[in-house]
Amino acid sequence: MKVEKMTIVYHEPIARNIYQLILGGTLVQEMNEAGQFVHVKVGERTDPLLRRPLSLCDINKEASECTIIYRKEGAGTALLSEKKKGEVIDVLGPLGNGFPLEAVQAGQRALLVGGGIGVPPLYELAKQLVKKGVTVTSILGFQTQDVIFYEREFASLGEIYIATADGSYGTKGFVTDVIGGRGLSFDVLYACGPKPMLKALEQKFPDKEVYLSLEERMGCGIGACFACVCRVPNNETAYKKVCSDGPVFKVGEVVL
Ligand code: FES
């Protein structure tokens, strides 16, 4: 983990309120795991609350560039969205533990399930799995057609299904409706998205190998402030920190 001033190589909206940010710098050489995140300083003051945790969507070591996709939805990300190509930005990372690649072997099938702004880390995961020889099927859920992104990119790596809550594109409903409707089989399931989606997957596949990446509000991002704790099952006092113990957990490891 390091802090680096990274340079904005590209920064444009790619769907309604969804921005693609490509950063260049040597910090990319430290980035390895899909599902890890960086803590990006969105303002100029030293206030640590001006950092936002953003997951890595694509790691390109050859070009020393990483891609982040985020949704503009509050004061912090609104500030971030104003930054222009060529500006530098203070980045702390890489942070957290990503998706375990060793959970699936070459020739096996992985199901990747993403909801909304939980979709980005699954792209780097899909790339790494395909490189390993794993067959990848992606199911991506969005609220509406105008917030869909990266359909083509996921399609280049395997089978893809899209669900929208309002039915404006793909299957009407949720990612679980796609899984149920298609009877998709898999050896390992990896998911990232809102808690109700993760809970639904946990209930649907109690006996399967499932890894979930939690989206949690964060403060420090490095295990020091307790802003991101979540409970451990069957234990009133134990907890885990999403930022440093996660954000990826095996199903059942924490209470959703
Ligand atoms: Fe501070 Fe996790 S964000 S402990």
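In what order do the strands of the open sheet stand, and which sense does the pairing take, parallel, antiparallel or mixed?

Analyst: The model is a predicted one, in which local features are given only where pLDDT is at least 70 and side-chain atom pairs only at pLDDT 80 or more, while totals for chains, interfaces and linings use all residues. Residue numbers start from 1 along each chain as its sequence is written.

The sheet is open and is built of seven strands in the order β10-β9-β8-β7-β11-β12-β15, with mixed pairing. Strands here are DSSP runs of E of at least two residues, helices are runs of H or I of at least four, and both are numbered from the N terminus; two strands count as paired if DSSP finds at least two bridges between them. The edges are formed by β10 (171-172) and β15, each of which pairs on one side only.

Within this order, β7 (109-115) can be followed on both of its sides. Towards β8 (135-142) the two strands run parallel and are joined by seven bridges, with R109 having T135 as its bridge partner in β8. Towards β11 (188-193), β7 again pairs in the parallel sense, here over five bridges, and L112 stands opposite Y190 of β11. Six of the seven residues of β7 are buried, which leaves the strand mostly covered; a residue is called buried if 20 or more other C-beta atoms, placed from the backbone, lie within 10 Å of its own, exposed if 12 or fewer do, and partly exposed in between.

In α5 (residues 195-204) the buried residues are M197, L198, A200 and L201, and seen down the helix axis they fall within an arc of 160°, so they line one face of the helix; the arc is that of the directions from the axis to the C-beta atoms. A general point bears on this pattern: an α-helix has 3.6 residues a turn, so residues three or four places apart point the same way. The exposed residues P196 and Q203 are carried by the face of α5 turned away from its buried side. The buried residues of α5 pack against β7, β8, β11 and β12 (209-214), and also against α4 (175-182), where contact means that the C-beta atoms of two residues, placed from the backbone, lie within 7 Å.

In α4 the buried residues are V175, V178 and I179, and down the axis of α4 they fall within an arc of 95°, so they too line one face of their helix. G180 and G181 are exposed on the other side of α4. The cover over its buried residues includes β7, β8, β9 (159-164), β10 and α5, and α4 is followed by G183, whose phi is positive, near 60°.

UniProt, in an unreviewed entry, places the feature "binding site" at C220, C225, C228 and C243. The four positions are spread over 24 residues of sequence but cluster in space, with a largest C-alpha distance of 10.1 Å. UniProt positions are in the numbering used here and feature names are shortened, and such annotations may be inferred rather than shown by experiment.

C228 lies in the loop between β12 and β13 (229-231) and is buried, with 23 other C-beta atoms within 10 Å; leaving aside residues up to four places away in sequence, C228 touches E216, R217, M218, K241, V242 and C243. C243 lies in the loop between β14 (239-241) and β15 (248-250) and counts as buried with 27 C-beta neighbours inside 10 Å. With residues up to four places away again not counted, the contacts of C243 include L95, G96, M218 and C228. D245 also belongs to the loop between β14 and β15, but D245 is partly exposed, with 19 other C-beta atoms within 10 Å. The C-alpha atoms of D245 and I179 are separated by 29 Å, the two residues being 66 apart along the chain.
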